[in-house]
Amino acid sequence: MIIDCHGHYTTAPPALETWRNQQIAGLSDPSASPLRADPKISDDELRESVEPNQLRLMDERGIDMTIFSPRASFMAHHVGDFSTSAEWAAICNELCFRVSRLYPERFAPAAMLPQSPGTDPATCVPELTRCVEEYGAVALNLNPDPSGGHWTAPPLTDRSWYPLYEKMTEYDVPAMVHVSTSVNPAFHTTGAHYLNADTTAFMQLVQGDLFTDFPTLRLVIPHGGGAVPYHWGRFRGLATALGKPPLEEHVLDNVFFDTCVYHQPGSDLLFDVVPTRNILFASEMIGAVRDIDPRTGHHFDDTRRYTEAAGLSPEGLADIQEHNARSVYPRLDALLKRQGR
């Protein structure tokens, strides 16, 4: 079985974006604000949005299950206030749940949180609770920078995040540390902000002692960890300089990386540097990089090709493509077992 731990609903029906645009317009003109029930999207529209897109590619690439969350760039936590984000998150999470209900053997839902700059992260706990208990969410996306590229939030090791971590450990759900749109012109959203955030989040975890307080907390850093594998020696050296234990002891029981690296040399580096047990298969298909690589004739985001060409042992390949995800996402493992898989 192949499990893709990083999927976003990037092909949602147009009515979703229309509603969002109306919501944003309503911030300056309340008379333009839409109603919560306005985005009337049928099951047929949901099917039409995924069958020729994510499902088609999953079938072509042999991917059995995708952890499916709202579109990352659409989270846009910097827009409006907490109530804005809460309403938007609720609508987006419901759509991902509905897709997973239509295709229960292909998609498992993950939750977007209603984060907002300067707002206590504890305000996100009710939506997390709802998504796990009512929608069966197996994970969540955690934005370390709700400001949209200005980095006004405290580091992930700050105690203000602890209410979220407490609820995550109670439910035994991991978080993918994933930023959203950058409104800072110095940082391109997908080419800079995403990768900067991956690297920054890892360094925050190296600097702190979060996992002393939360030994069972699990965080997935996407996009192959940003610059982390490439500069592994730097991070090892910094951990030593900071008086921290080796990375294997300090963070690698709790931090994992996905395979959203879109060329063979980069993928090979990831597999060579990071322990196999800390790597989860992912593609983020129909995401930031959608084109065909003219050098290979295949889509950049067809990451299965890179994984299977990396010379891994059969056991290592199976761990990356399936077993590690089952371990990091125990609610997904339970779901698959209920399905007889």
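Which residues do ring pairs link into a cluster? They are Tyr9, Phe68, Tyr103 and Phe107.

Some housekeeping. This is a predicted model, where local features need pLDDT of at least 70, side-chain atom pairs count only at pLDDT 80 or more, and totals for chains, interfaces and linings use all residues. Residues are numbered from 1 along each chain as its sequence is written, and side-chain values use heavy atoms, with hydrogens and water left out.

Now the rings. Searching the whole structure gives twelve aromatic pairs. A pair means ring centres of Phe, Tyr or Trp (its six-membered ring) within 6.5 Å; planes under 30 degrees apart are stacked, over 60 edge-to-face, the rest tilted. Tyr9 and Phe68 are tilted, at 5.1 Å centre to centre and 40 degrees between the planes. Tyr9 sits in strand S1 (residues 3–9) and Phe68 in strand S2 (residues 65–70), 59 residues apart. Strands (E, at least two residues) and helices (H or I, at least four) are DSSP runs, numbered from the N terminus. Both Tyr9 and Phe68 are buried. Buried is under 20% relative accessible area, exposed over 50%, partly exposed in between (1.4 Å probe, protein chains only).

Next pair. Tyr162 and Phe214 are edge-to-face: 4.8 Å between centres, 85 degrees between planes. Tyr162 is in helix H6 (residues 162–171) and Phe214 is in the loop between helix H8 (210–213) and strand S6 (219–221), so the pair ties together parts 52 residues apart in sequence. Tyr162 and Phe214 are buried too.

Last, the helices. Thr199, Phe202, Met203 and Val206 in H7 meet Trp232, Phe235, Leu238 and Ala239 in H9. Contact here means heavy atoms within 4.5 Å.
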